[in-house]
Structure formats: structure tokens, C-alpha cells
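User: Please walk me through the contacts in this complex. I would like the cut-offs along the way.

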Number of protein chains: 4
Amino acid sequence: MSEEVPLRDQILEISRHLLYEEGYKSLSMRKIAKKADVSATSIYLYFESKDHLLHTLIEESVEDLSRFIESKALPKADSIERFKAITKSYVEFGLQNPEKYEIIYKVRSDSMARYPKEKFRKARRAYELLVKTIEESVDQGLMEVDQPVVAAYSIWAQLHGVVSVVLNKRLDSRIDREQFIEESIEHVVQGFLIRTTVL
Amino acid sequence: MSEEVPLRDQILEISRHLLYEEGYKSLSMRKIAKKADVSATSIYLYFESKDHLLHTLIEESVEDLSRFIESKALPKADSIERFKAITKSYVEFGLQNPEKYEIIYKVRSDSMARYPKEKFRKARRAYELLVKTIEESVDQGLMEVDQPVVAAYSIWAQLHGVVSVVLNKRLDSRIDREQFIEESIEHVVQGFLIRTTVL
Amino acid sequence: MSEEVPLRDQILEISRHLLYEEGYKSLSMRKIAKKADVSATSIYLYFESKDHLLHTLIEESVEDLSRFIESKALPKADSIERFKAITKSYVEFGLQNPEKYEIIYKVRSDSMARYPKEKFRKARRAYELLVKTIEESVDQGLMEVDQPVVAAYSIWAQLHGVVSVVLNKRLDSRIDREQFIEESIEHVVQGFLIRTTVL
Amino acid sequence: MSEEVPLRDQILEISRHLLYEEGYKSLSMRKIAKKADVSATSIYLYFESKDHLLHTLIEESVEDLSRFIESKALPKADSIERFKAITKSYVEFGLQNPEKYEIIYKVRSDSMARYPKEKFRKARRAYELLVKTIEESVDQGLMEVDQPVVAAYSIWAQLHGVVSVVLNKRLDSRIDREQFIEESIEHVVQGFLIRTTVL
DNA sequence: AATGAATGAGTGTTCATTCAT
DNA sequence: TATGAATGAACACTCATTCAT
């Protein structure tokens, strides 16, 4: 009764998994089909083409990421709190949903050329939230930032670097994972706050 | 007379280029061969397999990165200067040698499973240099860092995020590239220096 | 009210069109279904198989051709007039109903092996009329023909050649279409009439 | 020793045969390969694509047809003799080389769109010869023809009709094949000669 | 040092058709 | 009368690799 998972969702789930485990290059319609225990043809009942399937995967992942960040950040009234929530939840999402996170950053670049521009814009909801939050903090004199847009991008990039290193398991064995994450976020964040407390 | 470029090197050069231009998935022995104007079979005279060719490519790129950083950093006697030189040259290398840089980070993850562990260690020369430099700075009371190993990794990751965002041309159009790079490095670096000057 | 076109007829119409526009090879049940805005399965409610559908198409076209020729030729009491009417209407039909004409000659040969013999005979009504008309003309001393059956076939073949060349747009650009048709028919016809007027 | 037939030629031969026997639609690289007892991949060593293979086939057939007609017609000094030789050899070629003849007329129309224009021109060598021959006959007062170009095309078309009917085995069982051919050519030819002898 | 010939496995995709509803 | 779900077979084509020369 409860195992009534629609094939379409199953396909997405399996694709996501295979993509993560074996990489983009080795993802094939047939492999997906075999794992789902259906014929390769059946996939085409739900997705026009491999490209469409991949785009759906990207879209879904981006949407999830955006929603997750919003769910954590929007409730915070205080702009700095919101800022921290964004950075923290971004990393959190990446680490807890490695399959989805990697799709956003790895598949996208390969399948990008054919990815519809309109959907592309949607993808930036969370980023725009970060920009707005920085602007607000600046207005309130809590941050000193030349160009919020640049700062946001820089933060984005740095956080991505952190997540990506952890996910790729390139962590030095001498390093404690949790500590690394904690400290990295802290560093990224602190770099942008005004250090009134220093004195 | 001067155009006597060994085929082996030509193959590596072409592979690097194709890899960057068309992505890992679409790199094929045949395409390499056609570009080099030799038979596909000939590649096998110099490389056991496609995997070996890719590994050579990775190795070479890592070596170049290490050497470049060393050439910029080792001459600096002052540990902070050396620290700055490392971060700056890391980004510089990435932006000036996108083909090599991408091989390190993109191909590696796909081809990783089969990448020999021993070669893997070599790859970290520049990273170890960073660790040592941080330790030195800490000893000299110029940095306040709990675990140099963690800090180094965090820096590494953040810088990678910055380079990767720029290379993937995912820069927001409202953002000036040079400014973004400059500020990002600055932020990463400043986050680790002791702010004696603040007062 | 007036747009109540039975699905069966719609399917035939669409098939005919697709066949003409995109060729036999690319005609598929799915494409037909999509154009008719029904499911592919629905076609099977009216036609046992693709072969049956094609055979229906052939049959229909042959029937139309026969009827058209009969409508033009049968009213003519004079045998020579009837003869001319047959040749003229044959070409006319081909040029005005290219979709149907091509089905008769192009699809048939491909789908032939499986085309039921009995239906095959029906197809020759117009041809038999031509034979009879020639026989009548011979009896009346207006034509000099050894074997009406052979002559009829020869005429048939030549006319087909003419129509087919025009339909395939293989006409030399230096040639006026109408003139070509006119003259070709004239030649075919004149070749069989007794040239009493020559003297 | 003597069975040293190059694979390339074998493939062409087999393709020609399959094309004739089973039609354009059912011709597949796999079937060709199987008949040649090689892997499907091997075909690609000799032909870039299926299209290229088909084009080669067309080209070859057209060339053979042209050469055959030229070999029969060019030696004739007398223009009427040459005219007759052209018509006769055209039909002869079609009947003796049905596989090649059908390729010219059947495959061409399907594969046409992609058939290079330049090669297309070559295809008309024999037709141009017919035009020239008619012009010469007209100049010598042996033929009365308004536009040689139109006449040539008409003849071409009619002959094609004749050959095509015979090849498609659509001949009425009451008809003697040889007689049909003979009489049809005769009719086509006579239609264009000046009937000085009639009186 | 280099190649031409060959291949088995695999790719994304289309097809006619069936079956349960 | 109509359909959605499903499939096995086939398609053109690409791939990394081998082997004899």
C-alpha cells in the first residue's frame, strides 16, 4: 500500500543516485531503466529525452535548495541572524543532500548549454535573498560592504568550495569533518561582519 | 627545426584542450587522434589506456600548479608574505591555466576511483607548504589558528570556490571580474590574520 | 455540427498527408496519432495494423483514380474521344491528387508483398476500360494496334512516367510545366492514332 | 586468390541488393553488416554514414547508366541512329541492371534532400546527350520539335514509365514482356520522327 | 614509431504493438 | 469508444581497444 511510488519519481530518484555514484558520463538511460526494473523505453513515457530528465533533476534540486534556505532564513527578523542562517543552511543542505547538491554544480556545467534560460533565473532565488539580506545589514550599519552583489557572490563561492571539498571526500585524514565545516563557515561569515567587539 | 614537438606532448596538449572545450564526457581517443593527425592506435604507443592518459594529465597539472605556487612563495622569507603569495598564486594559476586547473578538479572526481593512491600524495605539495607556512606564522604570533591543518584546508576550499565560480563563467553580469577576485582573496586572507592594526 | 469528421477518416487523411510530406519510411503510428490528437492505441480500433491502414489507403486511392477516370471517360460515346479523355484524366488526377497518386505507385511497391491479391484486381478497373476503348477504336478502324492489351499497358506506363517526373519536381528549370504535360500527353496519344490527316 | 573482393565493394554490392529486394525503408546498417559477415561498426570504416553510403550507391549507378548509354550512342555518327541508341540503351540498362536502376529512381527521392547539388549535375550527362542529339536532328531537318529540352524530358519520362512498369512486375500476365518493351520504345521514338515515309 | 582493419559493448532514441481498464 | 502504461526489437552511430603488419 505504502510502496506506491510513481515510476516517474522512481526514475528521478534512481537517476540522482546513479549520477552521484557513478558520475555524469556514465549515466545512461539503460542503466536507469535496469535499476528501475523497467524497459528503457518506459523512461520516455515520462521524459522526452535524457536532456529533459537531467533538466528536471537540476530544477528539482535547485528548487529544494532554495526552499530549504528560505525555510531556515526567512523566519529570522534580524538581518544578521538571517545572514548566518543562509550561510549555515546552504552548507547544511549540501552536506545532507549530496546527490542533489552535486547535480546542481556538476551536471549543470555539462548540460548547461541546453538548459533553458528562463529556468536558470529561478535558480537564483536564494542568491538574491542573500544579496537583499546583505543590503539590509549594510543599511543598518551592521556590515561594511562595498557592493552587496559582489560580496554575496564571494560568499557563495567560498561556501561552495567548502561543501565541495567535503563532499569529494578530499578531506585530509587529520581533519575532523565537523570542526572543519564549523570553522570554515565561521571564517566566511566573520569576514563580512563589522568587528565592533574587537576592541 | 623548432617545430619538433614530440607526439606524446602533442597528445597531452590536445587532450587538455579538448577536455576543457568539450568536457570530459565527450573526450574520445578518436577525437584526440584526429586532431593530432595520427591514427587512434598511435596514442596507445604512449599511453596504456585512456585512463592512463587522463592520469598523466592530472599529474602534470598538479605538478605545474605546485611548481607555480612554489616559485612565487618560496622566495618570500617573511611567513605572512609567503602566506599571501600562496593564496594569490593559487588563484592566479587557476585563472591563467583554466585547462590545467579544471583537469585537477573536474576530471579527478570522475576518474578518481582508478587514480593510484601514491600519485595522490604527491598532489599535495602546495597544500603542505601552506600548512607549514601557517604553522610558522602561528609560531611567530602572526596568526591565531587552532589547527593549521584545518585552516589550510578551509583556505584551500574557499579559494577553489572563488576560482571555480570565475572559470565557470557563473559570474553575475553586474559584477566586475577583477574586483570580485581581488575582494574574495582579500576576504579569505584577512579572515586568518590577527587584526592588530584594527585598533 | 459540420465538423463531425469520423476519426477513421481523419486518420486516413492524416496518413495520406504525412506519407506525401515525409515519405513512407518516416510514417509512424505515433505521428499519425499525435496529428489526430488521439492516442496511438486508438488507431488500432479502426485498423488492425499499420499494414492494414496502408492497404486501405492504397485501395481508396485506386478507387478514387478509377472513379475519376470513369466520370470523365464514360460519358463520351465516341471511342477516340473516350480514349483521349482517359489519358487526359489519368494525368489530371495524378497532378491534382499527388498524395493519392503517390500512394498508389510508391507505397504499393514497398508494401506490396503483403497486399492481398484480390484487392489487386480491383485496382485495374480503369486499365480495363482503356483496353476496351482501344479494342472498340480498332474495331471501328480508328486505331491500328496489334494487341490492345499491350498498347494499353504501354500508354499507362508512359503516362505514369510523365506524371511521376512532374510530381517529383525533377523538371528541368528550363521547362514550362504546363507545356511539358500538354506535349507529353499529345505525343503519347498521337503515337496510337491512325494518321489519316497526314496526307 | 580470386575472391579477394574488397570489403568496401562488398558492402556496396550487398546494399544494392538489399535495397532492391527489401526496399529503402528496411535497409539497415546491421543487415548489411550481417550479410557481409562483419560487424556493423566496420561499415563505418568505409562510409562516414548511411547517407554517404546511399549517395555513393546513387552516384555509382548514375555513372554506370551514363557510361552505358554513352558507350552505345557516342559511336553512332548519324543523329537519328544515335537517338535510337540512346532510347534503346536506356531501357536496356534499366532492365539489365534493375538494382542500379531502382536506386537512381527510388532511393534518390528519399535521400534527395541531403544529396549534394554538385553531384546532382553530373547525373544528367546522358540527358544532356539526348538534348544535343535532338537538337542536331532538328538542325538536319530530321525531327520536328519545338523545344528539344522539353522533348528530351518527355522521352525520358516515358521511357522511365516503361522500365518502371516492367521492373515492378506489374505487367499484365497476358502480355509478352519483350513485345511490350519493343513496342513501347518504338512508339516513343516514332512519336518524334518526321514521318516522311508515310505517304 | 606507426597504422589500417576490425570489433563487442554501449549510446540515445523510435517503432509497432499489446493489455488492462 | 478510447486510453495510459508498458515493452522488445530495432535503428544509426560512437567508443576504447586489439592485432597483424
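User: Which residues are closest to DNA strand E?

Analyst: This is a predicted model, in which local features need pLDDT of at least 70, side-chain atom pairs count only at pLDDT 80 or more, and totals for chains, interfaces and linings use all residues; side-chain values use heavy atoms, with hydrogens and water left out. Residues are numbered from 1 along each chain as its sequence is written, while chains are lettered from A and ligands numbered from 1 in the order in which they are written. A residue is near a strand or molecule if one of its heavy atoms lies within 4 Å of it. 31 residues surround DNA strand E, and the closest are B:T41, B:S42, B:Y46, D:S42 and D:Y46.

User: What percentage of the DNA strand E atoms that come within 4 Å of the protein belongs to sugar and phosphate?

Analyst: The count takes the atoms of DNA strand E that come within 4 Å of the protein. Sugar and phosphate account for 52% of them.

User: How far is a phosphate oxygen of DNA strand E from the side chain of D:Y46?

Analyst: A polar contact is a pair of N or O atoms within 3.5 Å; within protein, one must be able to donate a hydrogen and the other to accept it, and residues adjacent in sequence count only if both atoms are side-chain atoms. For D:Y46, an N or O atom of the side chain takes part, and the distance is 2.5 Å.

User: Which helices of chain C each supply at least two residues of the surface near DNA strand E?

Analyst: Helices (H or I, at least four residues) and strands (E, at least two) are DSSP runs, numbered from the N terminus. Chain B and chain D each contribute through α3 (40-46).

User: How many charged residues does the surface near DNA strand E have?

Analyst: Ala, Val, Leu, Ile, Met, Phe, Trp, Tyr, Cys and Pro count as nonpolar, Asp, Glu, Lys and Arg as charged, and the others, Gly among them, as polar. The surface has 14 nonpolar and twelve polar residues. Its charged residues number five.

User: What area do chain D and chain C bury between them?

Analyst: Contact means heavy atoms within 4.5 Å, and 44 residues of chain D touch 42 residues of chain C in this sense. Buried area is the accessible area (1.4 Å probe) that two parts lose on being put together, summed over both. Carbon and sulfur atoms carry 57% of the total, which is about 3800 Å².

User: Which residue of chain C forms a salt bridge with D:R174?

Analyst: A salt bridge is a side-chain nitrogen of Lys or Arg within 4 Å of a carboxyl oxygen of Asp or Glu. The rule finds two across the interface of chain D and chain C. In the one with D:R174, the closest N and O atoms are 3.4 Å apart, and the partner is C:E128.

User: Which element gives the largest share of the side of chain D that touches chain C?

Analyst: α6 (98-111), α8 (125-139), α9 (148-167) and α10 (177-190) of chain D each supply at least two residues of that side. The largest share is eleven residues, and it comes from α9(D).

User: Which residues of chain B lose the most area to chain A?

Analyst: The contact takes 43 residues from chain B and 44 from chain A. Together the two chains bury about 3800 Å², 56% of it on carbon and sulfur atoms. Three residues make up 19% of what the chain B side buries: B:K25, B:Y153 and B:R170.
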